[in-house]
Amino acid sequence: MELTNLIPGYQPLPFPLPTWLMQLLLLLGFYLHALPMNVVLGGGFVASALFFFGRSDKTSYSYRAAKALAVSLPLFISFAVTQGIVPLLFLQLVYGPAFYTSSILMAAPWLGVLAILLASYYISYIVIYRTLKGEYSTKKASVAALLLLVMSIGFAAIGYIFTNNMTLMLHPEKWLPLYQQAATGMHMNSAEPQLAPRYLHTFLASLAVTGMTLGCFGLYMVKRDEKFSDWMIKSGSRLFLASTLLQIPAGLWYLKSLPPHLAAYFLGGDNLITTIFAASMLLTLLAILFSVIAALIGSKPAFIAALTTNAILILTMIINRHQLRMLYLNPYVKPDSVAVSTQWDLLAIFLVSAVALIAYLVWLSKLMLRAFKKPITNDDSTTTSLTSTTAEIAPST
Ligand code: HEM
């Protein structure tokens, strides 16, 4: 049977926006999702390890950094979840025929994401409002390390399920055989050659972004505790450096796992794709260079340069990732063929809501940062428990 006959058509309604604009919003939306999502994915593991190593001394930098990360995690989770909705909307619109089909084939694990997310999100709150509340003890720190590890395994599973779906949607030739094999919605894309390197690439990136996040905490603390700030910047840069160096073989493995005719687009086969790929390689080298300086001498300008370079690098990688999807799907799924009837009023409502959401999240972040600064005498129970939890991160001077 002709493969294209198996691919569901688009809905009969025209697109509400030009396709290029939806692709752009998909890219930007995913960028805003990817930044906090990386901290969620890597931050839990790092916080767990830091709690473990600093469990016997609440004044150790390791323990204090673990607390800083643990307290901020619910905020990053909330950012990741809310900012996931934007790419989800545009992914469904632009690549619905592929995305819905792969989601149905793996319906059980896909819907399971919600349950895992709820459980992991809840654990992140238990850690800061129950486990770490009140007087410090080695036992509490060990329990926090364990709980954060469990939470992180949950988030790692979510990322793995996402990578399965994002790769299964690229392979229409797999859909019918999988469905014929079992119509249970229990499939994963386990036999996919790019699955392991792609997931490893994401996981290493999440550790690198967590390193940058620790460094940012260091920048924030600089006036209140210079030595701790210096330690955070150096340790964060080292974590970034180690994971980015590991990213080199992982990235090469990822490139090699792609079908050769698609990998060729990144290596000179297409000017735009190759230029973006080359730019990301250059940015990687720059980020490594700046982070070496920051890791060695704790230089703030070098750290900020590494941070900025890394932020642009993630964007270029996300563009390449999107181009790869287009290369895979171009023969089968053609969003450009769908009629467009632009609904500017809907776009305006979407943009206003997106800006309002970001403003709300910024307000929420500021509220959290204020909790770091408040004295422990506040009567409000929620703030008090958070404040007592944060007290050892940045002891008031
Ligand atoms: C907080 C836990 C989450 C983690 C750890 C996570 C992780 C990931 C990862 C690793 C990817 C990339 C997969 C790949 O391409 O290989 C991804 C993509 C994506 N995530 Fe999340 N995610 C989380 C929550 C969510 C939520 C709750 C939503 C929706 C509301 C969401 C929406 C998306 C979308 C739409 C994409 C694909 C975007 C695109 O392909 O352009 N994520 N996520």
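Into which domains is the chain divided? The answer is domain 1 (14-192 + 343-397) and domain 2 (193-330), with bounds that come from an automatic or database domain assignment. This is a predicted model, so to speak: local features need pLDDT of at least 70, side-chain atom pairs count only at pLDDT 80 or more, and totals for chains, interfaces and linings use all residues. Residues are numbered from 1 along each chain as its sequence is written.

The C-alpha centres of the two domains sit 19 Å apart. Domain 1 puts 28 residues into the contact and domain 2 puts in 30, where contact means C-beta atoms, placed from the backbone, within 7 Å. On the domain 1 side, α1, α2 and α4 each give two or more residues, and α1 has the largest share, with eleven. That side splits into 16 nonpolar, ten polar and two charged residues.

Now for the ligand. Of the 23 residues around the ligand, Gly84, Pro87, Gly159, Thr163 and Met166 come nearest; to be near, a residue needs its C-beta atom, placed from the backbone, within 6 Å. Two or more residues of this shell come from each of α1 (19-53), α2 (61-105), α4 (138-168) and α6 (195-221). Helices here are DSSP runs (H or I, at least four residues), numbered from the N terminus. The largest share, eight residues, belongs to α2. By type, the shell holds 17 nonpolar residues, five polar and one charged, with Ala, Val, Leu, Ile, Met, Phe, Trp, Tyr, Cys and Pro counted as nonpolar, Asp, Glu, Lys and Arg as charged, and the others, Gly among them, as polar.

Definitions and conventions:
Two residues are in contact if their C-beta atoms, placed from the backbone, lie within 7 Å.
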